[in-house]
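Welcome! Please take a look at the sequence and the structure below, and then let us walk through some of the details together.

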Amino acid sequence: MHALIDRLIRPEIRALRAYHVPPAAGLIKLDAMENPYAWPEALREDWLEALRDAAMHRYPDPRGGALQPALREAMGIPADMGLLLGNGSDELIQMLALAVAAPRAGERPKVLSVEPSFVMYRMIALFAGLDHVGVPLQPQDFSLDAERLLTTIEQEQPALVFLAYPNNPTGNLFDPDLIERVIEASPGLVIVDEAYAPFTDASFIPRLGHWPNLLVMRTVSKMGLAGLRLGYLAGPPAWLEQFDKVRLPYNINVLTQASAAFALRRRDVLDQQTQAIRSQRAALLASMGSIAGIHCYPSDANFILFRTAPGQAGAVFDGLLHRGVLIKNLDGAHPMLSDCLRVTVGTPDENAAFLEALSESLSSTQR
Ligand SMILES: *Cc1c(COP(=O)(O)O)cnc(C)c1O
């Protein structure tokens, strides 16, 4: 069987390891940018009531027809822009990649993203048989290296450019003027990935339509509905009509459509939660700033990236785990992230537990 696997499965796939999600049972889970707040009991009752009418014996509406107006309204999508729904924004990245993925004149189309950034841009490029080009960010503050980015775009002529705004795992917003220059310089599409939109006031949605090659992608995951798997892509309808052809017919299931429509009607609850997370982010950053032995990076997202003394990230991560707190160890994920850890902003109690465990881990690590 192994010989057959070697013969049939592409070498670049065989060389991969499956996406690893660490077990979190019994731990304070601050590793995955989830909203820590569950819905209030009364809201859960209303939600279950809303699901009562879901037609589980039917295939879902293929385009999420009832959901689209609610999403447009909630996110302020300009009326002349199209909207395409995905099973999480990961699926939208995959649809974009699949639609461009055929060699032309012997050359494979290219996906360009900055590094370090969201790893799925590179992974999905590889799955779809595209080449990936990574352009390093500035090491001191993770800002765009405009010169290098524009030169690389000129040389490599990427079909797709992905920019996360704010960026994951660094948390910063790139200079919007530089993003505009990237859009203008790009021969292909530029997808501004606004997964962390609930935690910042900055957005490219108002600029949709200013350039024919700008698309904006969002998700409800970080907003508080990670369990639903729903992302959406907004942009000129002519583009979205093309990507819609590679969408699997019923990609957004009946329960997701009904639940998302319900949640958008009660957006006040989600907005309150994301506002609370934003103020907790400021408090957490202030507290972490006064802890000796770490350096924190500013964040416009619902997580904070921080750096330990050289060689200590693993021990600090383990110390936190030992004290019941799971965060993300990014040491080794990219050379620019050596000694880096990332913590998701939790509830005030979770953040306090994290801060205490962090102080303890740091003092036992440094000893
Ligand atoms: C989490 C994240 C996503 C993935 O969102 P899903 O809708 O849950 O697939 C996309 N982009 C960035 C930058 C993210 O951090």
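## Aromatic rings

The structure, which is a predicted model, holds 10 aromatic pairs. In one of them, the ring centres of phenylalanine 118 and tyrosine 121 are 5.4 Å apart and the planes stand at 75 degrees, so this pair is edge-to-face. Tyrosine 121 has a relative accessibility of 1% and therefore counts as buried.

Another pair joins tryptophan 239 and phenylalanine 243: here the ring centres are 6.2 Å apart and the planes are at 10 degrees, so the pair is stacked. Both residues belong to helix 10 (residues 237–244), where they sit four residues apart, about one turn of the helix. Is tryptophan 239 buried or partly exposed? With 34% relative accessibility, tryptophan 239 counts as partly exposed.

| Helices | Axis distance | Angle |
|---|---|---|
| helix 3 (residues 41–51) and helix 11 (residues 254–265) | within 10 Å | roughly 135 degrees |
| helix 4 (residues 67–75) and helix 11 | within 10 Å | roughly 35 degrees |
| helix 11 and helix 12 (residues 267–289) | 5 Å | about 75 degrees |

Let us begin with helix 3. Helix 3 and helix 11 are oblique to each other, and their crossing is right-handed.

Which residues of helix 11 does helix 4 meet? They are Gln257, Ala260, Ala261 and Leu264, and from helix 4 come Leu67, Ala70, Leu71, Ala74 and Met75. The contact of helix 4 with helix 11 has eight nonpolar residues, one polar residue and no charged residues. Helix 4 passes helix 11 in a left-handed crossing.

Now for helix 12. Helix 11 and helix 12 pack at an angle of about 75 degrees, which makes helix 11 roughly perpendicular to helix 12. Ala263, Leu264 and Arg265 of helix 11 make this contact with Arg267, Asp268 and Leu270 of helix 12. By class, the contact of helix 11 with helix 12 has three nonpolar, no polar and three charged residues.

## Backbone details in the loops

The loops have some backbone details to look for. A cis peptide bond joins glutamate 115 and proline 116, with omega about 0 degrees. Proline 116 is placed in the loop between strand 3 (110–115) and helix 6 (120–127). Asparagine 168 and proline 169 are also joined by a cis peptide bond, with omega about 10 degrees. Where is proline 169 found? Proline 169 is in the loop between strand 5 (160–164) and helix 8 (176–185).

Alanine 105 has a positive phi, near 50 degrees, in a residue other than glycine. Alanine 105 lies in the loop between helix 5 (89–100) and strand 3, and its relative accessibility of 86% means that it counts as exposed. Aspartate 339 has a positive phi too, near 65 degrees. Aspartate 339 lies in the loop between strand 12 (328–329) and strand 13 (340–344), and at 13% relative accessibility aspartate 339 counts as buried.

## Around phenylalanine 317

Our last stop is phenylalanine 317, in helix 13 (residues 313–322). Phenylalanine 317 counts as buried, at 14% relative accessibility. Leaving aside neighbours within four places in sequence, phenylalanine 317 is in contact with Leu326, Ile327, Lys328, Asn329 and Leu341. Phenylalanine 317 and cysteine 340 are 23 residues apart in sequence, and 9.8 Å separate them in space, C-alpha to C-alpha.

Notes:
Residues numbered from 1 in each chain as written. Predicted model: local features only at pLDDT ≥ 70, side-chain atom pairs only at ≥ 80, totals over all residues. Heavy atoms only, no water. Axes fitted to C-alpha atoms, helices over the stretch in contact; angles between N-to-C directions. Helix = DSSP H or I, 4+ residues; strand = E, 2+ residues; numbered from the N terminus. Parallel < 35°, antiparallel > 145°, perpendicular 65-115°, else oblique. Left-handed = near helix turned anticlockwise from the far one by under 90°. Phe/Tyr/Trp six-rings, centres within 6.5 Å; stacked < 30°, edge-to-face > 60°. Buried < 20%, exposed > 50% of the residue type's maximum accessible area, 1.4 Å probe, protein only. Contact = heavy atoms within 4.5 Å. Nonpolar A, V, L, I, M, F, W, Y, C, P; charged D, E, K, R; others polar.
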